[in-house]
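Subject: Structure handover

Hello,

Here is the structure we talked about. Please open it alongside this note. My findings follow below.

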Amino acid sequence: MPRLSEVIAALDALWPPERAEQWDAVGTVCGDPDSEVTRVLFAVDPVQQIADEAIGLGAQLIVTHHPLYLRGTTTVAASHFKGRVVHTLIKHDIALHVAHTNADTADPGVSDALAGALDLRVTGPLVPESGLGRICELDHPETLAEFAERAAKRLPATAQGIRIAGDPGALVRRVAVSGGSGDSLFDVVRAAGVDAFLTADLRHHPASEATQHSPLGLVDAAHWATEWPWCEQAAAQLDAMSDRHGWGLRVHVSHTVTDPWSSHHSSPGAPN
C-alpha cells in the first residue's frame with residue numbers, strides 16, 4: 001500500500017510539472033504526503049460533485065485535469081464553493097492532484113486520448129515544439145458530416161453536442177485534434193494541411209475567419225467532452241504503474257458529467 005508521496009512521484013513521472021505552462025497551476029493542492037492510498041479517482045473538474053463521488057468510493061486521492069485555483073486565492077473559506085471543496089477533501093482525508101497543460105503536451109497526452117476515442121491514427125504532434133495537439137489520419141476517407149457523426153458517437157454526450165463549420169460533404173482524410181480550447185491554433189492547423197480540425201470552445205470570429213480563409217472543416221465539441229477521454233487513458237497509465245510496483249491500487253474514472261451546460265434548445269429564431 002503506497003503513501004501519497006509515492007503515488008504523486010509516479011504521476012509527476014507521467015506528467016512532469018515542469019512541462020506545464022508558466023501561467024498554469026498544477027501539482028498537489030491538498031493531501032498528507034505520508035497518508036496511505038488505496039483508491040484513486042480521475043475526473044476532469046475538481047468540483048463538489050467529484051469530491052462527493054470520491055467520498056462514496058472511499059478514495060484517498062482525486063486526480064483532475066483542470067486546476068482548482070488557476071488564478072490563485074487568498075482564502076479557502078468554506079463560504080466559497082472552491083473553499084468548500086478543499087474543506088470537504090481535507091475533512092475526509094482525500095488528496096487532490098492536478099495535471100493540466102503538462103498532460104496536454106505529454107506523450108501520450110490529452111490529444112492522444114481524444115484521437116484514440118475517435119479511432120484515429122496519430123502521425124505526429126500538431127505543434128512539434130511543445131507537443132500540443134495531434135495530426136491524425138482516418139483509415140478510410142469520410143465526409144465532414146460523417147466525421148462529425150463519428151465524434152458525436154464516440155465522445156461523451158453533452159448539451160452542446162457537436163457543431164461543424166464548412167462543407168458537410170467535403171472529404172476528410174487528415175485531421176488535427178486538440179483537446180480543450182483550440183482556436184488559438186488555427187495558423188498551425190492550416191500550415192499542417194489537414195482537412196478538418198476537431199477541438200472545443202471555438203469562438204465566432206476565429207471560426208468565421210478560418211472558414212473564409214480556407215476550406216478547412218471545423219468540428220467543435222464541448223470542452224469537457226474532448227478532455228474526458230484523458231481520464232481513462234491516465235487511469236490505465238496509473239494502473240500499469242501500480243502493477244509494476246505491486247501497489248494494488250483501485251483506480252476509477254468518474255462518469256459524472258461536469259460540463260457546465262445542461263440543456264440545448266433549438267428554435268426558428270427571430271428574423272434578422
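How are H5 and H9 oriented to each other: roughly parallel or roughly perpendicular? H5 and H9 are roughly perpendicular (angles of 65 to 115 degrees; under 35 is roughly parallel, over 145 roughly antiparallel, and the rest oblique).

Two notes on the source. This is a predicted model, in which local features need pLDDT of at least 70 and side-chain atom pairs count only at pLDDT 80 or more, while totals for chains, interfaces and linings use all residues. Residues are numbered from 1 along each chain as its sequence is written, and side-chain values use heavy atoms, with hydrogens and water left out.

**H5 against H9**

Helix H5 covers residues 110-117 and helix H9 covers residues 223-245. Helices (H or I, at least four residues) and strands (E, at least two) are DSSP runs, numbered from the N terminus. The two helices pack at an angle of about 95°, and their axes are 7 Å apart. Axes are lines fitted to C-alpha atoms, for helices over the stretch in contact, and angles run from 0 to 180 degrees between N-to-C directions.

H5 contributes Val110, Asp112, Ala113, Leu114 and Ala117. They meet Thr226, Glu227, Pro229, Trp230 and Gln233 in H9. Contact here means heavy atoms within 4.5 Å. By class, the residues of this contact are 6 nonpolar, 2 polar and 2 charged. Ala, Val, Leu, Ile, Met, Phe, Trp, Tyr, Cys and Pro count as nonpolar, Asp, Glu, Lys and Arg as charged, and the others, Gly among them, as polar.

Glu232 also lies in helix H9. Glu232 is partly exposed, at 42% relative accessibility. The cut-offs: buried is under 20% relative accessible area, exposed is over 50%, and partly exposed is in between (1.4 Å probe, protein chains only). Leaving out residues up to four places away in sequence, Glu232 touches Val253 and His255. Glu129 is 103 residues from Glu232 along the chain, and their C-alpha atoms are separated by 26 Å.

**H2 against H3**

Helix H2 and helix H3 give another packing pair. Their angle is about 10° and their axes are 9 Å apart. H2 is therefore roughly parallel to H3. From H2, Gln48, Ala51, Asp52 and Ile55 meet Arg84, Val85, Thr88 and Leu89 of H3. That contact has 4 nonpolar, 2 polar and 2 charged residues.

H3 spans residues 81-91, and Gly83, Val85, Val86, Thr88 and Leu89 in it are buried. What covers them? The cover of the buried H3 residues includes strand S1 (27-30), helix H2 (48-57), strand S3 (61-64) and strand S4 (95-98). Asp93 follows H3 and has a positive phi, near 55°.

**Salt bridges**

How many salt bridges does the whole structure hold? A search finds 8. A salt bridge is a side-chain nitrogen of Lys or Arg within 4 Å of a carboxyl oxygen of Asp or Glu.

- Arg3 is partly exposed at 38%, and Glu6 is partly exposed at 33%. Arg3, Glu6 and Asp34 are linked in a network of salt bridges.
- Asp220 lies in strand S10 (residues 217-221) and Arg163 in strand S7 (residues 163-165), so the pair ties together parts 57 residues apart in sequence. Asp220 is buried at 3%, whereas Arg163 is partly exposed at 45%.

**Cysteines**

The structure holds 0 disulfides, a disulfide being a pair of cysteine sulfur atoms within 2.5 Å. For Cys30, the nearest cysteine sulfur is that of Cys231, 18 Å away. That distance is too far for a bond. Cys30 is buried, with a relative accessible area of 9%. Cys231 is buried too, at 0%.

Best wishes
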